[in-house]
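Here's a quick look at how two chains meet. Have the viewer open while you read.

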2 protein chains.
Amino acid sequence: MNVSDVITKGGLPGLKEKRCTQKRNIVSFLYRQGDLSKPEMCRLTNMTAPTIGRMLEELMAEGWVIDLGCGTSGGGKRPHIFSLKRDAAFVLGVDVGREYLKVALFDLKHEVVGRIFVYPSKLEVAERDDVLNDIAGRVEDTLAFLGVERSRIRVAGVSLPGLIDREGNTYTYLTYENPGLKERLGQLLEMPVFIDNDSNAIAVAEHAFGVAKGINNVLCISINECVGLGMILDSRLYVGGNGMAGEFGHIRISGLDTPCQCGKVGCLETVASSRAIVKAAKERMVKMPDGESVTLEGVIRAARKDELSAIELLQQVGEKVGEGIASLLHLFNPDMVVLGGEIVKAGDLITVPVRQAMNKYALARIRGHCELRLSDLGGDAAILGTQLMAMGHLHQKTGMTFALYE
Amino acid sequence: MNVSDVITKGGLPGLKEKRCTQKRNIVSFLYRQGDLSKPEMCRLTNMTAPTIGRMLEELMAEGWVIDLGCGTSGGGKRPHIFSLKRDAAFVLGVDVGREYLKVALFDLKHEVVGRIFVYPSKLEVAERDDVLNDIAGRVEDTLAFLGVERSRIRVAGVSLPGLIDREGNTYTYLTYENPGLKERLGQLLEMPVFIDNDSNAIAVAEHAFGVAKGINNVLCISINECVGLGMILDSRLYVGGNGMAGEFGHIRISGLDTPCQCGKVGCLETVASSRAIVKAAKERMVKMPDGESVTLEGVIRAARKDELSAIELLQQVGEKVGEGIASLLHLFNPDMVVLGGEIVKAGDLITVPVRQAMNKYALARIRGHCELRLSDLGGDAAILGTQLMAMGHLHQKTGMTFALYE
DNA sequence: AATACTTTCTAAAATATTTTACAAAGCAGA
DNA sequence: TCTGCTTTGTAAAATATTTTAGAAAGTATT
C-alpha cells in the first residue's frame with residue numbers, strides 16, 4: 001500500500017478498504033487535532049492499543065506519520081507522540097478577493113510553505129477568462145518559486161466573494177456554466193479544485209486557528225466592500241440548503257431606506273460596507289489624516305487621531321451593525337460573534353457601539369451568553385480557511401477523512 | 001444479556017460493551033428508519049451479513065426485534081424484513097401548553113398508544129407546584145387508563161413554551177432551581193425526564209413525521225399566542241449555544257414601534273401573535289361569525305366567510321411574517337419553511353401574503369430554493385416531537401443509540 | 001532512595017469479523 | 001418452462017481485533 005492508496009477510495013476489496021478507512025481516520029484526527037499519543041488515538045477511534053499500533057507502523061512505513069518521541073507524562077510512562085509528516089502532501093489555497101489575489105501552499109500541519117503570495121486582483125477589472133488565466137499564471141509562478149512539484153499537491157481550495165452554491169457554482173463573479181468554474185480551474189491548475197464563498201472560508205479559519213478556536217457556535221461577520229457572514233453551528237460549517245446562507249448584508253434593518261445594489265431597500269450593506277462608509281464620510285466631509293482620498297482605512301485612522309466626525313460615523317455604523325447582530329443573537333444564540341475585515345483596525349471604536357446596540361436590542365439571557373471579539377487573523381483568514389474547505393470537500397468526494405468542514 | 005443491558009451503557013468490559021454498542025446501533029437505525037432488511041443494515045452499518053445476522057439473532061432472542069418475513073424483491077431472492085418489537089419499550093410524551101396539557105404514550109414505532117390525552121392546562125393560572133402536581137396526576141391517570149406499567153416506560157419528554165436552555169433549565173415557565181424542573185418532574189413521574197422548548201419539539205416532529213419529512217434544512221414557524229421558531233439544519237435540530245436559538249418572535253421588524261411584553265420595541269410578536277391579531281381585530285371591529293368574543297380562530301372563520309376586514313388583517317399579518325421570513329431566508333437559506341400553529345387554519349389567506357412578502361424582500365436565488373408549506377400535524381406536532389427529543393437526550397446520557405435529534 | 005502506583009506498550013491467547021464458497025430463492029427473457 | 005442472472009443467506013476457513021498478562025518507564029509518597 002502506498003501513499004495514494006490512503007488517499008483514493010474505492011476499488012479495493014472489503015477488508016483492505018476497511019483498513020484503509022481506519023488509517024484515513026487516524027490521518028484525519030492527526031490533521032485536525034494535531035499531534036497525538038497512542039492512548040489518545042485509542043480514545044478517539046474506539047480501537048485498542050495493539051490495533052492502533054499496527055496502523056501507525058504501516059502509516060510510518062508509508063511516509064504519512066512520524067514518531068516525535070516521548071511527550072509529557074500524565075503520571076506514568078511517557079507516551080510516544082505521533083505526528084503527520086508535514087510534507088507528505090500539500091494543499092493549495094487561493095483567495096480571489098476584489099483587491100488582492102492571494103496564493104499559498106499549505107503543508108499537513110496547516111502551515112504556510114514559504115509565505116502567502118499577494119498579487120493585484122483582476123476580479124473586478126478584467127474579463128472572466130483573463131481573470132482565470134491570471135490566477136493560473138500566478139499559481140504557476142508561485143509553485144515554480146517554491147520549487148514544489150504539482151504531483152505533491154493533493155487539492156486546491158479557492159475562495160471567492162458573491163453567491164456560490166453547495167456544488168461550487170458561482171453566481172456573482174466568474175460565472176461559468178458547463179463546464180463550471182471548478183472544472184475550468186481544475187484543468188488549468190491540473191489538480192482537483194473546490195470553490196467556496198470567502199465568508200465561509202473565513203468562518204472556518206476563525207474556528208480552527210483564530211479567536212473562535214474550539215468555540216461551538218460562532219458567527220463570523222466580515223466588513224469590507226461587502227458585509228459577509230460565515231457560520232459555525234455545533235462546530236460544523238453551516239452553508240444552507242443551497243450553499244447561500246449568511247447573506248447578512250442584505251437583511252433589512254429598521255430605519256434605513258437607501259436602495260441597495262442588490263435591488264432591495266434598507267439592506268445593512270447600505271450603511272455598513274466600506275463603500276457605504278466612504279460615501280458617508282465624503283458627505284460629512286470627514287477629514288482624512290494626510291489629506292489623501294477618502295477610504296475606510298483613512299476614516300479609521302482619522303478616528304484614531306480623535307477626529308470627532310470619524311468617531312461618530314463609526315459609532316453610527318456600529319449601532320446599525322449591532323442592531324443586525326441582535327437579530328442574529330435571537331435567531332442563532334451563538335457563543336461568539338467575530339468581527340473581521342478592514343473594520344477590525346477600528347478596534348474599540350467599532351466594538352463599543354456594536355456591543356451597546358447588542359445590549360439595547362437583544363434579550364439579556366441570550367446576549368449575556370455571547371462574546372464579541374475582533375478577528376486576529378489579519379486579512380488572511382479566507383486563504384487560511386481554503387485549505388480546510390478543500391480537504392473537507394476532497395473527503396466527501398474521495399472518502400479521504402481529512403475532513404473537518406464539509 | 002437482557003433488555004436493559006441494551007439500554008444502559010457502561011460498566012461492561014470492552015468487548016461486551018462494543019457488541020452492545022453495535023446492537024444499539026441496529027436498534028437505533030430501526031427506530032429512526034423503520035423496518036430494514038439484512039443487506040440494508042449491512043450498508044448502513046458497514047458490517048457484513050454474518051455479523052449483522054448474529055446481532056439480529058441476539059436481538060430477537062432478547063425481545064427487541066422481530067422478523068416480519070419476506071419483503072419485496074429487488075431482482076433476486078426476497079430479503080427478510082426486520083422490525084423493532086413495538087412494545088419492547090415505551091416513551092412518555094407530555095406537552096405543557098398554555099391552553100392544553102397533553103399526555104401520550106408512544107411505542108417504538110412512534111405510534112401513539114390508545115390516543116393523545118388532552119386536559120386543560122394550569123400553566124398560566126396556577127402556582128408552579130400546583131402545575132407540577134397536576135401534570136403528575138394526569139400522567140398517573142393516563143397510564144392507569146392505558147394499563148401500562150411504569151417499568152416499561154424508558155423515558156419521558158416534556159415540551160414547554162418559553163426560554164429553556166440546553167440542560168432543560170426553564171427561565172419563563174415553571175422556573176425551579178436546585179433541584180430544577182427536570183429533577184422534580186423526574187421524581188414525581190418516577191422516570192428520567194427531559195425538558196425541551198415546544199418550538200424545537202415541533203421542528204423535530206415536522207422533520208420526522210410532517211410535511212418536512214426528510215428535508216435537510218427546515219425552519220418551522222408556529223404562530224399561536226407566541227411566535228416560535230424551531231430549526232432543523234443539515235438534518236439536525238439546532239438549538240444554539242445556550243439552547244435558546246429561534247427567538248424569531250423578538251427580532252425587530254421595520255415599521256413597527258409597538259412595545260412588546262419582552263421589554264423591547266417593534267418585535268414581530270407585536271403583530272403576528274394570536275394575542276396581537278385579536279387586539280387588532282377588536283380595534284378594527286372585525287365581525288365574528290357568530291357574534292361570539294374575538295379569537296384568532298374567529299378571525300380566520302370570518303375571513304373564510306369573506307369578511308373583508310378579516311382578510312385584510314390576515315394579509316397585513318402575513319406581510320409582516322413574510323418580511324421576517326425573508327430575513328430568515330437570507331440567513332439560513334432553508335429548503336423549506338413550515339408554518340404551524342393556530343394560523344394554519346387560515347390556509348391560503350395567510351400563505352399567499354407571506355409568500356408575496358418573501359418574493360418582495362428575498363433574493364430570487366434564495367427564495368426560489370425554498371418551499372413554503374403549512375403544517376399538517378394539527379396541534380399535535382409538539383407532543384409527537386417529545387418522544388424523539390427524549391430518546392435523543394437519553395442517548396446522549398446513557399449511550400442508547402435511539403437518538404435522532406440531540 | 002525505596003516503594004507503591006500509574007500509564008504506556010507489546011507479545012501471545014482468546015475471541016470476532018470477514019472472506020470464500022456455495023446454496024437458495026426470485027426475476028426476466030427466450 | 002427453462003436458462004441465465006441477481007440478490008439473499010449461511011457454513012467453514014482465513015484474517016483481524018481484543019483480551020490477558022506482564023514488562024517497561026515514568027510519578028508521587030514515604
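Contact here means heavy atoms within 4.5 Å. On that basis, 43 residues from chain A and 43 residues from chain B take part. Before going on: this is a predicted model, where local features need pLDDT of at least 70 and side-chain atom pairs count only at pLDDT 80 or more, while totals for chains, interfaces and linings use all residues. Residues are numbered from 1 along each chain as its sequence is written, chains are lettered from A and ligands numbered from 1 in the order in which they are written, and side-chain values use heavy atoms, with hydrogens and water left out.

The totals look like this:

| Item between chain A and chain B | Value |
|---|---|
| Buried area (accessible area, 1.4 Å probe, lost on being put together, summed over both) | about 3600 Å² |
| Salt bridges (side-chain nitrogen of Lys or Arg within 4 Å of a carboxyl oxygen of Asp or Glu) | six |

Of the buried area, 57% is on carbon and sulfur atoms. On chain A's side, A:Y238, A:R252 and A:L331 supply 19% of the area, more than any other three residues. One salt bridge joins the side chains of B:R166 and A:D234, at 3.7 Å from N to O.

Terms used: Buried area is the accessible area (1.4 Å probe) that two parts lose on being put together, summed over both.
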